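Thanks, everyone. I'll take a few minutes on one structure, starting with the chain contacts and ending with a pair of helices.

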Amino acid sequence: MDLTLKIWRQNGPQEKGEMKTYPISGVEQDMSFLEMLDYLNDQLINEGIEPVVFDHDCREGICGMCSLFINGEAHGPGRKVTTCQLHMREFKSGDTIYIEPFRAKAFPIIKDLMVDRSAFDRIQRAGGYISVNTSGNTIDANAIPVPKENADKAFDAATCIGCGACVATCKNSSAMLFASAKISQFSLLPQGQPEAKERVLNMVHQMDLEGFGNCTNTGACEVECPKGISLENIARMNRDYLFASLSSNK
Amino acid sequence: MATTSKGLFGSSLARKYWMAVSGLFLCTFLVGHLLGNFQLFVSGEEGKLAFNEYGHFMTTFPVVKVLSYLTYFSVVLHTVDGIMLALQNRAARPVGYVKEKQSANASWASRKMALLGTLTLFFIIVHMKSFWYEMHFGALGLDANGNKDLWTLTVTAFEQWWYAAFYIVAITGLAFHLSHGAQSAFQTLGINHPKYTPIIQKTMTALAWLIPAGFVAVAVFLYVVQPGQNL
């Protein structure tokens, strides 16, 4: 396959960036998108050009490190796949592919296509946990009964890998799908109840402090989410936040 | 421009609650307004007197007055809150994408709520100048019963093609605004349920098109029949 790549290049967080064009040939259909970028970088290194910086780790769709806004969509044209699971057979020879970093004020660019998503870590730290000491204190999984439906929904919410595709896709750069998944995975389970009110109030507060936008319910995040996290979680967060605001002592 | 307060004032979710509540209230206002407009289908002296009687009732009955103040307040709240949300949303992405395929994952109306809202606000200002201002502060003639003749003002306005056309374009914009907003308000308020959400979505989407269709029907009727000329 012969392709024309248009890639955002930016030397550092404060530098000015621009789209640069790289023609590339010899790309095989079986390559993953990231392998294609590795292949490009090999060529760039041979030509004495600085390789393109991009995030990646497990390359099997579970770590949440890869990102990229490809041809106008987070993680590219595929559905329920991360960029590392996207393959070049989705494209045709002769295609021009635009590759841009995830864009949000809360996700500053580190270099080229790599962005700083530590805002998500700070939202998690604000309440995305339960305060139970588990070391040497293992409790039988069935000690507290959990309805199957809730267990499934909590599990579905917990499959969020925190990649940030929701933020990148949302026209408002809203992090509500992420935050709501991280809140729901606990609020659906009995173990999450003791800290439920504080959790939703604190995590939403941290989300606001990070400078993410608001939710317009366009539903774009759900469509582009590689893990298919449902908008139902955002409704649950809205509901929990409303009740927590009304009934919390603080 | 991050919001920093928690609770029901100032947080990102709170702003959305107020948008949803004020928006839904304004939807109920639209239903009431439309029912009143349907009286314009009755032409002739009989229709004129009944409509002016209705106009008098709507501007003097205390309960209606309270509702009208609530409506003004809702319009202001929905506008101010909407502007603040739009500014925050813009600030959340200072550098945009070179290539963005928004149509791949979201409906046009849902992505253009601020634009459609602005168009609707502009329409409300013109519309209130045309009728509300004239009714309250203008020099309207009186009908045979001694009521202000709002009917003649209304029907003659819609006999002009450009006024009717502007009205229909604006109401179409409102229809798109409602097609997303009316059902999405429930999601914002946390109402999302496998049993009820499909019903809510269908009902609210149907209302979002039927209510504006009713307004347009009255405007088309007045333009075609020209009841002011036939009296």
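How many residues of chain A are in contact with chain B? In this predicted model, 40 residues of chain A touch 40 residues of chain B. On the chain A side, β5 (96–100), α6 (196–209), α7 (220–224) and α8 (232–247) each supply at least two residues. The most comes from α8(A), with eight residues. Sorted by class, the side of chain A that touches chain B has 15 nonpolar, 15 polar and 10 charged residues.

Next, the core. The largest nonpolar core has 100 residues. Among those with the most contacts inside it are A:Ile99, A:Cys166, A:Leu177 and A:Phe178. Helix α1 (residues 12–37) of chain B provides the largest share of this core, eight residues. From chain A, domain 1 (2–110) and domain 2 (117–247) each contribute at least three residues. To take one residue, A:Cys166 is in contact with A:Ala175, A:Leu177, A:Phe178, A:Cys221 and A:Cys225, leaving aside neighbours within four places in sequence.

Last, the helix pair. The axes of α5 (residues 176–187) of chain A and α8(A) come within 8 Å and cross at roughly 70°. The two helices are therefore roughly perpendicular to each other. On the α5(A) side, the residues that meet α8(A) include A:Leu177, A:Ala179, A:Ser180 and A:Ile183. Their partners in α8(A) are A:Asn233, A:Ile234, A:Arg236, A:Met237 and A:Asp240. By class, this contact has seven nonpolar, four polar and two charged residues.

Key
Residues are numbered from 1 along each chain as its sequence is written. Chains are lettered from A and ligands numbered from 1 in the order in which they are written. This is a predicted model: local features need pLDDT of at least 70, side-chain atom pairs count only at pLDDT 80 or more; totals for chains, interfaces and linings use all residues. A nonpolar core is a set of buried Ala, Val, Leu, Ile, Met, Phe, Trp, Tyr and Cys residues joined through C-beta atoms within 7 Å. A residue is buried if 20 or more other C-beta atoms lie within 10 Å of its own, exposed if 12 or fewer, and partly exposed in between; C-beta atoms are placed from the backbone. Helices (H or I, at least four residues) and strands (E, at least two) are DSSP runs, numbered from the N terminus. Domain bounds come from an automatic or database domain assignment. Two residues are in contact if their C-beta atoms, placed from the backbone, lie within 7 Å. Ala, Val, Leu, Ile, Met, Phe, Trp, Tyr, Cys and Pro count as nonpolar, Asp, Glu, Lys and Arg as charged, and the others, Gly among them, as polar. Axes are lines fitted to C-alpha atoms, for helices over the stretch in contact, and angles run from 0 to 180 degrees between N-to-C directions. Angles under 35 degrees count as roughly parallel, over 145 as roughly antiparallel, 65 to 115 as roughly perpendicular and the rest as oblique.
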